[in-house]
Amino acid sequence: MNDQMNENPVLPGAEETGNALPSEMVEKVNLNQLEQIAAQQREEAAEMEEEKEAEESHSDAVFSTENEKPKELSEEEIQELSHLDREQIVTKLEQLYANGELEGSKNMVALLRIKYKEKTGEFKKAELDKFLAAGGNKIDFKFTEPLEERFVAISQKIREYHQRKREELEKLMAENLQKKQALLDELKKLIEEDRPLKQTYDDFNKLTETWREIKPIARTESNNLWQNYHFLVEKFFDKVRINNELRDLDYKKNLEEKLQLCEKAESLMLEESISKASKELHELHDRWKEIGPVVAEKKDEIWERFKAASDAIAQKRKDYYDRMQAELEKNLLAKQALCEKAEALLAEVRTTTKEWNEGTNQVEELMKLWKSIGRAPRTENDTVWERFRGSLNAFFEAKKEYFRKRRDEEANNYNLKVDLCAQAENIAQQRTDFKAATADLLKLQQQWKEVGPVPYRLSDKIWKRFRAACDEFFKKKAEFYDSMRSSESANLAAKEALVQEVKDLVVESRDALLAAVKDLQRRWTEIGHVPMKEKDRVYADFRAAIDEKFKMFGAFHDNRNRVFADIQTPEDAAKMSGKEVAALNNRIAKLRADITLWENNMGFISSAKSSNVLRREFERKIQAAKQDLALLEAKLKMVKDAPKEA
């Protein structure tokens, strides 16, 4: 019997808590919010443990009236409270506290706190969405508001109120313990005194009635007090030897009361709430101990019936807590698996923003899963949370460090691109050597591609600046070449006019032709560029026209040149006089000197494109002179060999 009496009660409301997280924990949160949730889990677990200890310690406390018990809420009241907004909820809690209505409104207070946390979770999510939409970073989001401070303050006051109540109850139980110990002393005295039976029995009834009225009492003292009390009661009945009729009447009354307790205990087997059934069963056991004995032949039978119902409820309670413990162990395994995944994510090497964003998404998925899993066993819950939180903290710290370095690199890249912009702007505004400037600008563009990213908010601005400088240069270049192409058309017409002028040229001697050609070449050189596709053609026409004029003077007009031209055979060479041979030698020497001079002069001609015409003219002259030299040297040899042959 004592084993049954020592059975601990079930925690009140245990079946309502279960293993699932509160509904306010389903929203998407960042690491700071998950930390708050874990703290809340620990707080709720501590509160449950306190309630369990309070239930075990104070199970002897039986309320004298129904009004002292927490009021059960109707569906209409639940709906009405659910529609209150956050400020109305806080105001309602403050009113309940101010009006001293907390003791009978525990269910209402609990519902109001749950609804406030649900609505606060939704409000935080909306604020977070606004913060992110404004360009903020999730890890920088912090939630503070005066209403939250009010809620924390009133929650603290409510906890302090219940703490005071517990202290008052403990004080009351201590006082009741002293009162019952005093009643035991009076009962001992009553047994020891020798007084009339009627008076003794009346005093005994008053004493036992007073004993029943003194509640509550600490459970640690309850069994010992009851055993002493029961011993003294039995001793009283033995001493006073109440007559059989009076004793049988008392046995019958006690049997009826205990039968009622058996029926109530058996009805509790159908109660769905484990907490409620356990609590009421403890009250029945307390009442059982206060009822006197029954006839000996019914004593074991009635106790076995009551014990069977008690054992069934205790087994039901044990099964419930076994299932809860199994669920807690299952949750522990799931959370350990999430810890391993978080540690694997932390171990991965990430070098790009895309990889870090993908890693963040994976971490957020792990956080969602963590929130959907219920609590682990109390001895392991904090440990596994610290492990999971440590991995997440390390991940976000590494991510923060990566983006810090990235910001530094982007700042440096921005400075490099500003310098490239300045160089491009200088080229666009100062340079007119378009070929070299174009090459330099293309190098700047290549360098621009090689420079890494810049801060996003400055990226478009700095690119537009660089692009504007490039566009300005190429526009300026295009305008220059457009104007140059229009002048090239005029230059082409001028050079074609020179070609026609050569064709129309009429001279009487080779020297006059050379002077005229020299003047025409000077004028040709002074004329600017012509279109590239016409350049070779018009020059070929000009060269052909000049060559055509020189062909007209292939045979020299003076007698000396005519003599040179008439040497066709050895006989012709034999007829030459000494003076003519000397003239031939002079002519050969002059050609050699001219060739040497022209070759030296070519070394001083610049490599500029505009000097190509002059260079080609010298090359043509040298080639023609070498051909004449070779011809004259052959004729001189013929002259020298002629006498021998003659």
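Guide: Helices are DSSP runs of H or I with at least four residues, and strands are runs of E with at least two, numbered from the N terminus. Ile191 lies in helix α7 (residues 146–192). The model is predicted: local features need pLDDT of at least 70, side-chain atom pairs count only at pLDDT 80 or more, and totals for chains, interfaces and linings use all residues. Residues are numbered from 1 along each chain as its sequence is written, and side-chain values use heavy atoms, leaving out hydrogens and water.

Visitor: Why does Ile191 count as buried?

Guide: Buried means under 20% relative accessible area, exposed over 50%, and partly exposed in between, with a 1.4 Å probe and protein chains only. Ile191 has 5% relative accessibility and therefore counts as buried.

Visitor: What makes Trp211 and Tyr229 a stacked pair?

Guide: Rings of Phe, Tyr and Trp (its six-membered ring) pair if their centres lie within 6.5 Å; planes under 30 degrees apart count as stacked, over 60 as edge-to-face and the rest as tilted. The structure holds 19 aromatic pairs. Among them, Trp211 and Tyr229 lie 4.3 Å apart, centre to centre, with 10° between the planes, and the pair is stacked. Trp211 belongs to helix α8 (residues 197–213) and Tyr229 to helix α9 (residues 219–240), so the pair ties together parts that are 18 residues apart in sequence.

Visitor: Why is the pair of Tyr402 and Phe403 called edge-to-face?

Guide: The ring centres of Tyr402 and Phe403 are 5.0 Å apart and the planes stand at 80°, so the pair is edge-to-face. Tyr402, at 16% relative accessibility, therefore counts as buried.
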